[in-house]
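Trainee: I have a model open and some questions about how its parts pack. Can we go through them one by one?

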Amino acid sequence: DEALQMPRCNTLSSSLGNPSKLLSALRTMRYLIDKISTDSLRNALPPLMHLFQKTLSNASVDLRKATVFNLVEMHFVLGDELTLDDFTDSQRQLVGIYIKRHHKTAPILDQ
């Protein structure tokens, strides 16, 4: 549960200047989302969503993809509590497509 506490989320946000470090953190975080408490994830939402808005607009396709995969995992933990109102229409559509494709028995594969 401590993995997504507020200070660490802010640290992730400051990692935008180091894309490889941020990418590694996002890829790791994807596998931790369903292992932490729902309350901890809810508490971490504001800084995470702020970060995800930035990473979804990043030039790196790998950062964008890792962000989408995290949002998909978060959707399956939080359901409708996860709102993407501050994201662009195309970003919401992209996440929606991956949510529809996702099967809990067959995880999304990183390429």
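Trainee: What percentage of the 111 residues in the protein is buried?
Mentor: Keep in mind that this is a predicted model. A residue counts as buried when its relative accessible area is under 20%. Among the 111 residues of the protein, the buried share is 38%.

Trainee: How many helices and how many strands does the protein have?
Mentor: Read along the sequence, the pattern is α-α-α-α-α. The total is five helices and zero strands.

Trainee: Take contacts between residues at least 6 apart in sequence. What percentage join residues at least 24 apart?
Mentor: Contact here means heavy atoms within 4.5 Å. For contacts between residues at least 6 apart, the share joining residues at least 24 apart is 72%.

Trainee: Are α2 and α4 roughly parallel or roughly antiparallel?
Mentor: Helix α2 covers residues 19-32 and helix α4 covers residues 61-78. Their axes are 9 Å apart, at an angle of about 25°. Angles under 35 degrees count as roughly parallel. Therefore α2 and α4 are roughly parallel.

Trainee: Is the crossing of α2 and α4 left-handed or right-handed?
Mentor: Look at the faces that meet. From α2 come P19, L22, L23, L26, R27, M29 and R30, and from α4 come D62, L63, A66, T67, F69, N70 and E73. By class, this contact has eight nonpolar, two polar and four charged residues. The crossing of α2 and α4 is left-handed.

Trainee: Why does N70 count as buried?
Mentor: N70 is in helix α4. The cut-off for buried is under 20% relative accessible area. N70 counts as buried because its relative accessibility is 0%.

Trainee: Which residue's backbone oxygen does the side chain of N70 reach?
Mentor: Start with what N70 touches. Leaving out residues up to four places away in sequence, N70 touches L26, M29, R30, I33 and F52. The side chain of N70 comes to 2.9 Å from a backbone oxygen, and that oxygen belongs to L26.

Trainee: Now the other packing partner. Which term describes how α4 lies to α5?
Mentor: α5 spans residues 89-101. The axes of α4 and α5 are 9 Å apart, and the angle is about 60°. That angle makes the arrangement of α4 to α5 oblique.

Trainee: How many charged residues does the contact of α4 with α5 have?
Mentor: The crossing of these two helices, α4 and α5, is right-handed. α4 brings V68, F69, L71, V72, H75 and F76, while α5 brings L94, V95, Y98 and I99. By class, nine are nonpolar and one is polar; as for charged residues, there are none: no charged residues.

Trainee: What is the relative accessible area of V95?
Mentor: V95 sits in helix α5. Not counting residues up to four places away in sequence, V95 touches V68, L71, V72 and L84. V95 is buried, with a relative accessible area of 1%.

Trainee: How far apart in space are F69 and Y98, C-alpha to C-alpha?
Mentor: F69 lies in helix α4. F69 counts as buried because its relative accessibility is 2%. F69 and Y98 are 29 residues apart in sequence. In space, C-alpha to C-alpha, F69 and Y98 are apart by 7.8 Å.

Key: Residues are numbered from 1 along each chain as its sequence is written. This is a predicted model: local features need pLDDT of at least 70, side-chain atom pairs count only at pLDDT 80 or more; totals for chains, interfaces and linings use all residues. Side-chain values use heavy atoms; hydrogens and water are left out. Axes are lines fitted to C-alpha atoms, for helices over the stretch in contact, and angles run from 0 to 180 degrees between N-to-C directions. Helices (H or I, at least four residues) and strands (E, at least two) are DSSP runs, numbered from the N terminus. Angles under 35 degrees count as roughly parallel, over 145 as roughly antiparallel, 65 to 115 as roughly perpendicular and the rest as oblique. A crossing is left-handed if the near helix is turned anticlockwise from the far one by less than a right angle, and right-handed if clockwise. Ala, Val, Leu, Ile, Met, Phe, Trp, Tyr, Cys and Pro count as nonpolar, Asp, Glu, Lys and Arg as charged, and the others, Gly among them, as polar. Buried means under 20% relative accessible area, exposed over 50%, partly exposed in between (1.4 Å probe, protein chains only). A polar contact is a pair of N or O atoms within 3.5 Å; within protein, one must be able to donate a hydrogen and the other to accept it, and residues adjacent in sequence count only if both atoms are side-chain atoms.
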